[in-house]
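Have the sequence and the 3D view open, and follow along part by part.

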Amino acid sequence: MICPCGNALQYENCCGPYHLKIKNAPTAEALMRSRYSAFVVVDADYLFATTHASKRKGSSKDAYMKSAKNTKWLKLEIVSAGFDTVEFKAFYVNSKFQTEVLHEKSNFKLEDGKWYYVDGVFY
Ligand SMILES: [Zn+2]
């Protein structure tokens with residue numbers, strides 16, 4: 001399948017290796033994309049593992065699992081990406097079958113060669 005993250009690549013050549021922990025996402029943008037596709041393929045382990053340790057208290061694998069299962073994600077648009085920030089729009093269908101947009105600027109942190117999601121501001 002084409003990777004859900006919006007790169008025109010096969011999943012096995014894009015976010016798949018990150019989800020399988022064969023490779024680490026090399027940039028904040030790559031991590032962001034791989035987290036979006038983890039929501040699509042419902043990989044709660046990956047979402048939890050790539051959440052920064054300081055923020056794990058406020059999240060759980062269960063919550064990620066529920067969120068991922070209950071949301072129909074349509075597509076991801078990267079608005080702009082810096083070294084450790086990514087602004088994006090993620091389109092999804094809500095419970096009333098209306099399309100909504102999650103517009104967020106996320107902060108990431110590089111630790112021991114691995115990128116982690118820290119937090120974000122919503123627009
Ligand atoms: Zn991808």
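This is a predicted model: local features need pLDDT of at least 70, side-chain atom pairs count only at pLDDT 80 or more; totals for chains, interfaces and linings use all residues.

## Strand 3 and H103

Let's begin with H103, which sits in strand 3, the stretch covering residues 99-111. Its side chain meets that of E87 in a polar contact of 2.7 Å. Leaving aside residues up to four places away in sequence, H103 touches V79, E87, F88, K89, V121, F122 and Y123.

V79 from that list belongs to strand 1, residues 72-81. Is V79 buried, exposed or partly exposed? Its relative accessible area is 42%, so V79 counts as partly exposed, because that label covers the range between the 20% limit for buried and the 50% limit for exposed. With residues up to four places away again left out, V79 touches E87, F88, K89 and H103. As for K89, its C-alpha atom is 7.0 Å from that of V79, and the two residues are 10 apart along the chain.

## The zinc site

Now hop over to the zinc ion. Which residues supply its protein donors? They are C3, C5, C14 and C15, each through its SG atom, at 2.2 to 2.4 Å from the ion. The angles among the 4 donor atoms run from 101 to 117°, and the site is tetrahedral.

Read along the chain, the donors follow the pattern C-x1-C-x8-C-C. C3 and C14 make a pair that links distant parts of the chain: they are 11 residues apart, and each lies in the segment before helix 1 (16-19). Both C3 and C14 are buried.

## Aromatic rings

Next, the rings. A pair of aromatic rings is described by the distance of the centres and the angle of the planes. How many aromatic pairs are there? The count comes to 6. One of them joins Y36 and W73, with 5.8 Å from centre to centre and 75° between the planes, which makes the pair edge-to-face. This pair links distant parts of the chain, with Y36 in helix 2 (residues 28-40) and W73 in strand 1, 37 residues apart. Y36 and W73 are both buried.

W73 also pairs with Y92: the ring centres are 5.2 Å apart and the planes are at 55°, so this pair is tilted. Since W73 is in strand 1 and Y92 is in strand 2 (residues 85-93), the pair ties together parts that are 19 residues apart in sequence. Like W73, Y92 is buried.

Where is F91? F91 has its place in strand 2. With a relative accessible area of 16%, F91 is buried, because buried means under 20%. The charged end of K75 sits over the ring of F91, 4.9 Å from the ring centre.

Not counting residues up to four places away in sequence, F91 touches Y36, K72, W73, L74, K75, E77, T99, E100 and V101. For another charge over a ring, look at R56, which lies over the face of F48 at 5.4 Å from the ring centre.

## Two positive phi angles

Last stop: the backbone. K21 is not a glycine, yet its phi is positive, near 60°. You'll find K21 in the loop between helix 1 and helix 2. The relative accessible area of K21 is 59%, so K21 is exposed.

V42 isn't a glycine either, and its phi is positive at about 55°. V42 lies in the loop between helix 2 and helix 3 (44-49). With a relative accessible area of 29%, V42 is partly exposed.

How values were computed:
Residues are numbered from 1 along each chain as its sequence is written. Side-chain values use heavy atoms; hydrogens and water are left out. Donors are N, O and S atoms within 2.8 Å of the metal (3.2 Å for Na, K and Ca); water is not among the atoms, so sites may look incomplete. Four donors count as tetrahedral if all angles lie between 85 and 135 degrees; four count as square planar and six as octahedral if opposite donors are over 155 degrees apart and all others between 65 and 115; anything else is irregular. Helices (H or I, at least four residues) and strands (E, at least two) are DSSP runs, numbered from the N terminus. Buried means under 20% relative accessible area, exposed over 50%, partly exposed in between (1.4 Å probe, protein chains only). A polar contact is a pair of N or O atoms within 3.5 Å; within protein, one must be able to donate a hydrogen and the other to accept it, and residues adjacent in sequence count only if both atoms are side-chain atoms. Contact means heavy atoms within 4.5 Å. Rings of Phe, Tyr and Trp (its six-membered ring) pair if their centres lie within 6.5 Å; planes under 30 degrees apart count as stacked, over 60 as edge-to-face and the rest as tilted. A charge sits over a ring if NZ of Lys or CZ of Arg is within 6 Å of the ring centre and within 35 degrees of the ring normal.
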